[in-house]
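Here are some notes to go with your first look at this model. Keep the structure open and find each residue as you read.

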Amino acid sequence: MDEITIVSLTSEEELIEAFPIMNQLRTHLDLEEYLELVYESEAKERYQMLGLRDNGELKAVIGFKPMITLYYGRSLWVCDLVTDKSARSKGYGDKLLTHVEQWGKKHNYESIALSSGLQRTSAHHFYEEKMDYSKVSIVFKKEF
């Protein structure tokens, strides 16, 4: 029988273990930059990374942070959610997202939000149809 656990990924060893999965979503990052960004966002923005293990093997990761804005109020922002390509459609993303939602409720946050690339139509279906999220805005970005 499968034993599924959700754990905080905090040690360098755990973060390195998560990198091949995270890199499937954040393909522009190499290991060094990934670790640098995780450590900086943990220190400055209270970013947390969780991993879902099935029988001890890491299958999916989620990164999120608490934030306060005038639009969302006290909310959680999901920065990253990815399941290993060999383990998709098994409910792992649902379990991680639900876990973070429950964490937010327990810690008195009012909502949870995320952005998803325009091309990720299957992810949009997952958020809207399976997880009951509403499409509330379009995100704009300008690099400099």
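1. Start with D80, which is buried: its relative accessible area is 10%. Keep in mind that you're looking at a predicted model. The side chain of D80 meets that of R26 in a salt bridge, with 2.8 Å from N to O. R26, at 25% relative accessibility, counts as partly exposed. D80 belongs to strand β4, while R26 sits in the loop between α1 (12-22) and α2 (31-45), so this pair links distant parts of the chain, 54 residues apart.

2. How many salt bridges are there by the rule used here? The count comes to seven.

3. Another one to find is K130 with D94, where the closest N and O atoms are 3.4 Å apart. What does this pair tie together? K130 is in helix α4 and D94 is in helix α3, so the bridge joins parts that are 36 residues apart in sequence. Is K130 buried or exposed? K130 is exposed, with a relative accessible area of 53%; the cut-off for that word is over 50%.

4. Now back to helix α4, which covers residues 121-130. Which of its residues are buried? They are A123, H124 and Y127. Looking down the axis of α4, you'll see these buried residues fall within an arc of 105 degrees, so they line one face of the helix.

5. What do the buried residues of α4 pack against? Their partners are β4 (73-83), α3 and β5 (111-114). Once you've followed α4 to its end, check the backbone at D132: just after the helix, this residue takes a positive phi of about 65 degrees.

6. On to the rings. Searching the whole structure turns up seven aromatic pairs. One of them is F64 with W103, an edge-to-face pair with 5.3 Å centre to centre and 65 degrees between the planes. F64 lies in strand β3 (residues 57-69) and W103 in helix α3 (residues 92-106), so their pairing ties together parts 39 residues apart in sequence. F64 is buried, with a relative accessible area of 1%, whereas W103 counts as partly exposed at 22%.

7. Y71 and Y72 give you another edge-to-face pair to look at: the ring centres are 4.6 Å apart and the planes make an angle of 75 degrees. Y71 is exposed, and its relative accessible area is 58%.

Terms used: Residues numbered from 1 in each chain as written. Predicted model: local features only at pLDDT ≥ 70, side-chain atom pairs only at ≥ 80, totals over all residues. Heavy atoms only, no water. Phe/Tyr/Trp six-rings, centres within 6.5 Å; stacked < 30°, edge-to-face > 60°. Helix = DSSP H or I, 4+ residues; strand = E, 2+ residues; numbered from the N terminus. Buried < 20%, exposed > 50% of the residue type's maximum accessible area, 1.4 Å probe, protein only. Arc of directions from axis to C-beta. Contact = heavy atoms within 4.5 Å. Salt bridge = Lys/Arg side-chain N within 4 Å of Asp/Glu carboxyl O.
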